[in-house]
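I opened the model to see how the chain is put together. These are my notes, in the order I looked things up.

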Amino acid sequence: MSGCATDAEMRHSSEDAGRVCPADYRIGVSAFSGRPELSCDTLFVVGGLYGNCFALDALELLIAAESGSVHVVLNGDIHWFDCLPEDFSEIERHVVSYRALAGNVELELCRSDDIGVGCGCAYPDCTSDAVVDRSNRIHAMLGSMLTQHPELKEPLEGRTCTAVVRVGNHRVAITHGDEKLVAGWECSRDSLQDAERQNELSAWMRANGVSVLATTHTCAPAAVVLDAGAVINNGAAGMPNFLAALYGLVTRVGVAPSPHALYRACVDGVFVRDAVRVDKSTRDRIDGDGVFVEAVPLRYDHDAYLRWFDSTWPAESPAALSYRERIVQGPTDEVADALLGGFEVADKEDTSGIGLRDTHITSD
Ligand SMILES: [Fe+2]
C-alpha cells in the first residue's frame, strides 16, 4: 500500500516525488528501547497540526483543564498551511513550550539538497496523482518561503522523530508514521486491521516494553487494542477528522480519564465505571496500574480558522483544492470507522469537550 515499496533506483525520479519514502526516514531498531525522556500523569500527543495556530489555542485550554503533571509532544507535520512567514513564526512561538518531533514536512524543509521526494509524504497508491502533486506544490511553497527567511528554519533543524514518555507505569512510544519509517503508512486504518500487522506490532511492543504506540501522518484516525497494548493514530489535530465534526483530534494518555474524550480504551487495568462517587457525581477509575488511551477533540475556533485559511489560500490554490472541503464539512468518515477493536465511544455527556463554540455542523 505504501509508496515506500518503490525501487530505490527510482527515488530520484521527479515522477516519484511525494510517493517515495526517503531511505533516511528509517527509524533505528533501538529508537524506542531506551529510558523515557519525560514522565507525567497526562500526555497529549498532537500530530498533524498542519499550521493551524487556532488549534494550538484550543490545546492550551485542554492543558489548563488538567490536574497533575502534563506533557505535550507534537509528533510532526506541525507546519503545512502556514506558508506566510508571520504564520510560520507564530506556530513556532507556541511550539517552544512543547516537545516537538519532526515529521516528513519538517524533515524535507530541513534538507539542504532536493533529492526529488517532494513533500516526503510517501503517499500510497490509493492517493491520486493530483493530490500528490498538490501536496508537493504546498511543500515547495513552504520551502520557498523558508529560503527567503532562513532564520525560521533554524528551530526545525535537529528535531528528532521519536520519543518515549512514561505515563504512570507505562511506556508510550511516539512517532510520526509508524515504528519503522517516519513517513510509514503501517499505522493506517487499513494496516491496523491486518492480522499479521497486529501480531507484528504486539511483538514489537513487547520487545520494547511499550504499552501504547501513538502515531499520526495518515490524516485518518485509527485506534485498536492489541494483545500487547494500544495503537492510536490521531489523524489530524489541525483539521476535521469526521463528517460534520469541525474539530481536530489529539491523543491523550493518562492515569485518569478525561471528561472530554471522544473515545477511549484502558490498557493493563480494569476499567470500572461509576465505581467512585465524589460530591454526588461519578467518575471512572482503573483497578490496577493501567492507563487510559483516548482521542480528545481539539475544538479550535473554526470560523476564525476558515477566514485565515481563505485569506492565505485562494480558491484555485493547491491547499484549497485539496483541503478546503474537508475543513468546511469534514471527511466522510464516521467515528466508528476509526474504532478497530478495544476502543469505545465515551458517554454522550462526556463529549462536549472544551472549546470556543459548538463545532458540529448539525446538532445531534
Ligand atoms: Fe506526514
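Which residues of β10 lie on one side and which on the other, and are they buried or exposed? I kept in mind that this is a predicted model. On one side I find Gly248, Val250, Arg252 and Gly254, and on the other Leu249, Thr251 and Val253; all are buried. Both faces of β10 are therefore covered, and 7 of the 7 residues in this strand (248–254) are buried, so the rest of the structure largely encloses it.

Next I looked for the partner of β10. Strand β2 (residues 42–46) runs antiparallel to β10, and 4 bridges join them.

Entry on the core. I find 107 residues in the largest nonpolar core. Val172 and Val212 have the most contacts inside it. Helix α1 (residues 53–64) gives the most to this core, 7 residues. I then listed what Val172 touches, leaving aside neighbours within four places in sequence. Its contacts are Leu43, Val164, Val165, Val167, Ser211, Val212, Ala214 and Val253. Val253 I had already noted as a buried residue of β10.

Entry on the open sheet. I count 6 strands, in the order β1-β5-β6-β7-β9-β8, with mixed pairing. The edges are β1 (38–40) and β8, each pairing on one side only. From one strand to the next the twist averages 20 degrees. At the β8 end, 5 bridges join β8 to β9 (residues 229–233), and the two run antiparallel. Val224 has Val231 in β9 as its bridge partner. Helix α6 (residues 195–208) packs on this sheet. It touches β6 (170–174), β7, β8 and β9, and its direction makes about 70 degrees with that of β8.

Entry on α7 (residues 302–312). Which residues of this helix are buried? I find His302, Tyr305 and Phe309. They cover an arc of only 65 degrees around the axis, so they sit on the same side of α7. Turned away from the buried side, the opposite face carries the exposed residues Arg307 and Ser311. The cover over the buried residues of α7 includes α1 and α8 (318–329).

Entry on backbone angles. I looked for positive phi in residues other than glycine. Tyr50 has a phi of about 55 degrees. It is found in the loop between β2 and α1. Is Tyr50 buried or exposed? It has 25 other C-beta atoms within 10 Å, so it counts as buried; the cut-off is 20 or more. His217 has a positive phi too, near 80 degrees. This residue is found in the loop between β7 (212–215) and β8 (222–226). His217 has 30 C-beta neighbours inside 10 Å, so it also counts as buried.

Last, the totals. The protein chain has 9 helices and 13 strands. Of its 364 residues, 50% count as buried. Among contacts between residues at least 6 apart in sequence, 77% join residues at least 24 apart.

Notes
Residues are numbered from 1 along each chain as its sequence is written. This is a predicted model: local features need pLDDT of at least 70, side-chain atom pairs count only at pLDDT 80 or more; totals for chains, interfaces and linings use all residues. A nonpolar core is a set of buried Ala, Val, Leu, Ile, Met, Phe, Trp, Tyr and Cys residues joined through C-beta atoms within 7 Å. A residue is buried if 20 or more other C-beta atoms lie within 10 Å of its own, exposed if 12 or fewer, and partly exposed in between; C-beta atoms are placed from the backbone. Two residues are in contact if their C-beta atoms, placed from the backbone, lie within 7 Å. Two strands pair if DSSP finds at least two bridges between them. The arc is that of the directions from the helix axis to the C-beta atoms. Axes are lines fitted to C-alpha atoms, for helices over the stretch in contact, and angles run from 0 to 180 degrees between N-to-C directions.
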